[in-house]
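Keep the sequence and the 3D view side by side. The paragraphs below go from a covalent link to helix packing, and then to single residues.

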Amino acid sequence: MSGAAALAVLAGIVLTGMLSVTPLAAQDRPEGPISLFPPTVVAPEGPDTPQNGAQEGPPGAAPSAPAPVGTAPETPPETPQYEGIQVDRLQELDTESLGILEADSGGLGVDAWAGSDRALVAALIRSLPGDPASPTLRALTTRLLLSNARAPGPLGGGAPAGGPTLADAVAGAQGDLDGGFLRLRAERLHAMGELAGLNRLLSIVPQRAEDSWLAQARVDGLLLAGRDQEACSQVRSAVARFAGAAYWGQALVFCQLLAEQRDQAFLGLDLLREEHPDADPVFYALSNLFIGGTVAPPAPEDLTPLTLAMLRLGEGTPPEGLAERAAPLLLHGIAALDSAAPADKAGAAERLVQAAVLPGNALTEAYDAVPFESSELDDPLVRAEALGGVRGRALLVHAAGRETLAQTKAEYLQAALLAAERDGRGFAMARAVQAQLEQVAPAVELAWFAGTAARSLYRVGGFERAGAWAAVLRLDGAKNPESLAAFAALNPLMRLAGGTDPIALGPITSAEGAEGAQDPEAGARLLTAMMLSRALGQDERAWPGVAEGAGSADAVIADEPLDEEPLERLTSLLALSDAAVAGRSGEAALLASHALGDESLGGRHPLALAYAVSALRSVGLGGDARALALEAALDAGL
């Protein structure tokens, strides 16, 4: 038996073994969809698919979003909106538990950390990648870190039943051995580049709980947002509280230069050089901009929010490769840096939208700001291929926005989406052109574009519109074998989006399989799709390659290399299962990110993906689970 077939048998055995370890309380529940991974997790009561198999929309279209699992929306918000949120500071919460998101605004609820051990949670938060590849996991962890929730206690204990004591409040204000839970969350948001949420969170932190790092993070965030006057107001307050630290002396010099108090600024520089000669060479170099000197562009990785503000104020020349090499948080400042090239600003916006930090229209506007010669606009397809990179993608989106003919607009959009997919910017491009996709009506004459359009819409949660494009393929498939094969290739995505038709056990073509030819990795994708669907609680047919008479399924997975693919981070998956069984939603979200790593989900083992999807669904994060399943499937080439 091949490695893939053996893996399928293992999955079947796990399913059988699950029935004997299901808690007795769950055995009395009505019969419903079977959740496969982890084997001891039972999803909360409530349907995850439309009642009676009802399906709305055109034939072949994905149904409207299934009923939510738990309290989470089935489709997570595209980008959390932090501004304008009214934070209700619960009286029983100590300072460490402050957050800006309540359960009804994207947060994970006040009990997100209930039952979790503080030391474990702290270790998991510290291990979160600074620039994770998965937009779904990044958005989930961001919402978790911004949630208004009781901080975890030691040894699995939550907050004391009677509320925090005076000692708890003092510990929250002064920090403890792990640096304080509030600061721990802020540090991760800072590293991940979540500027809007970080600024909003720090704005509600009382001064008594603010240490030097939190105060500095607040100033950094305001500088990157272009709110210089507010930042300098904070600087003048902090200089007296944190005297002697080099950062505050440098920040004060910046504020004096901003206020055109040059004599005081130059005196402050002399004192800094004397007291902290090696504090920040880039800062000292950029100070020459204010005395008429020339400064070589610093390396992107050496810039900080303060030195980027110095570069902006002094109108210095930005370094090359700024958008690709800078830390995530700096991208916000780069995207608004007047002296940066428009293509660099668009590149920064691309990274931020790809990370689900900014909405798609921010990237569309950045693309539109990239200038092009009239000759380049005469033949965008040819010119974009020659340009490549950010400029090539911007040209295609710009051309599509100017075009009124549906056929030509679709050509430009398809080229842009495929180019972005190749360069690892597929999610960003899908969000940037979503509004333009809505302007192109699904039609049989555009069947050649239907597969690309549907995949792009599935990637950003546009299930209804994606189903309409799938219906085009099914209609055209009556006379066109290529469209029929393309429709069959969309079957797993339709199912993962909540469709009622089970995943077909025949060969699955790749996204570029226009002729319907089976490619060498079709079986691996089939198995991944089946496992993801079962993890969502959807009842599928027999596992491919297991049941006698499976027909073509045996051939599909007979020679797959899955037996050579390691199941990494097994202990994290086992811990994830424990957290999901116990209903520890915050811990489960962190462990899912830890178990899947910081690379594209397309390279993750299908068992690991299924564990993560099932665990998130079981703790009430059904929308995140479905989004993760679709992201994994698309990254795997489905």
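A disulfide here is a pair of cysteine sulfur atoms within 2.5 Å. By that test, a search of the whole structure finds one disulfide. The model is predicted. The link joins Cys232 to Cys255, with an S to S distance of 2.1 Å. Cys232 sits in helix H9, residues 228-241, and Cys255 sits in helix H10, so the bond ties together parts that are 23 residues apart in sequence. Which hand does the disulfide of Cys232 and Cys255 have? The torsion about the S-S bond is about -95°, so the disulfide is left-handed. Now check the surroundings of the two cysteines. Cys232 has a relative accessible area of 1%, and is buried. Cys255 has 2% relative accessibility and also counts as buried.

Step back to the whole chain. The protein chain has 32 helices and zero strands. It holds 638 residues, and buried residues make up 54% of them. Now take the contacts in the chain with a separation of 6 or more. Residues 24 or more positions apart account for 68% of these contacts.

Return to H10 and follow it to a helix it packs against. The axes of H10 and H13 come within 11 Å and cross at roughly 20°. Angles under 35 degrees count as roughly parallel. H10 and H13 are therefore roughly parallel to each other. The crossing of H10 past H13 is left-handed. On the H10 side, the contact is made by Tyr247, Gln250, Ala251, Phe254, Leu257 and Leu258. On the H13 side, Leu306, Ala309, Met310 and Leu313 take part. What kinds of residue make up the contact of H10 with H13? They divide into nine nonpolar, one polar and no charged.

Stay with H13. This helix spans residues 305-313 and is mostly covered, with seven of its nine residues buried. The buried ones are Pro305, Leu306, Thr307, Leu308, Ala309, Met310 and Leu311. Which helices do the buried residues of H13 pack against? They pack against helix H8 (212-224), helix H10 (246-258), helix H12 (281-286) and helix H15 (330-335). Just after H13, look at the backbone. Glu315 takes a positive phi there, of about 55°.

Helix H29 covers residues 570-582, and helix H30 covers residues 585-596. The two pack at an angle of about 160°, with their axes 9 Å apart. That angle makes H29 roughly antiparallel to H30. As H29 passes H30, the crossing is left-handed. From H29, the contact uses Ser572, Leu573, Ala575, Leu576 and Ala579. From H30, it uses Glu587, Ala588, Leu591, Ala592, His594 and Ala595. The residues of this contact divide into eight nonpolar, two polar and one charged. For the contact of H10 with H13, recall, the division was nine nonpolar, one polar and no charged.

Start with Asn199, in helix H7, residues 195-202. Is Asn199 buried or exposed? Its relative accessible area is 12%. Buried means under 20%. Asn199 is therefore buried. Leave aside its neighbours within four places in sequence. Asn199 is then in contact with Arg218, Gly221, Leu222, Ala225 and Arg227.

Next comes Ala497. This residue is found in the loop between helix H26 (481-496) and helix H27 (522-535). At 0% relative accessibility, Ala497 counts as buried. Now compare positions along the chain and in space. Ala497 and Arg459 are 38 residues apart in sequence, and their C-alpha atoms are 10.0 Å apart.

End with Leu267, in helix H11, residues 262-275. Is Leu267 buried or exposed? Its relative accessibility is 53%, so Leu267 counts as exposed. Val253 lies 14 residues from Leu267 along the chain, and the C-alpha atoms of the two are separated by 8.9 Å.

Notes. Residues are numbered from 1 along each chain as its sequence is written. This is a predicted model: local features need pLDDT of at least 70, side-chain atom pairs count only at pLDDT 80 or more; totals for chains, interfaces and linings use all residues. Side-chain values use heavy atoms; hydrogens and water are left out. Axes are lines fitted to C-alpha atoms, for helices over the stretch in contact, and angles run from 0 to 180 degrees between N-to-C directions. Helices (H or I, at least four residues) and strands (E, at least two) are DSSP runs, numbered from the N terminus. Angles under 35 degrees count as roughly parallel, over 145 as roughly antiparallel, 65 to 115 as roughly perpendicular and the rest as oblique. A crossing is left-handed if the near helix is turned anticlockwise from the far one by less than a right angle, and right-handed if clockwise. Contact means heavy atoms within 4.5 Å. Ala, Val, Leu, Ile, Met, Phe, Trp, Tyr, Cys and Pro count as nonpolar, Asp, Glu, Lys and Arg as charged, and the others, Gly among them, as polar. Buried means under 20% relative accessible area, exposed over 50%, partly exposed in between (1.4 Å probe, protein chains only).
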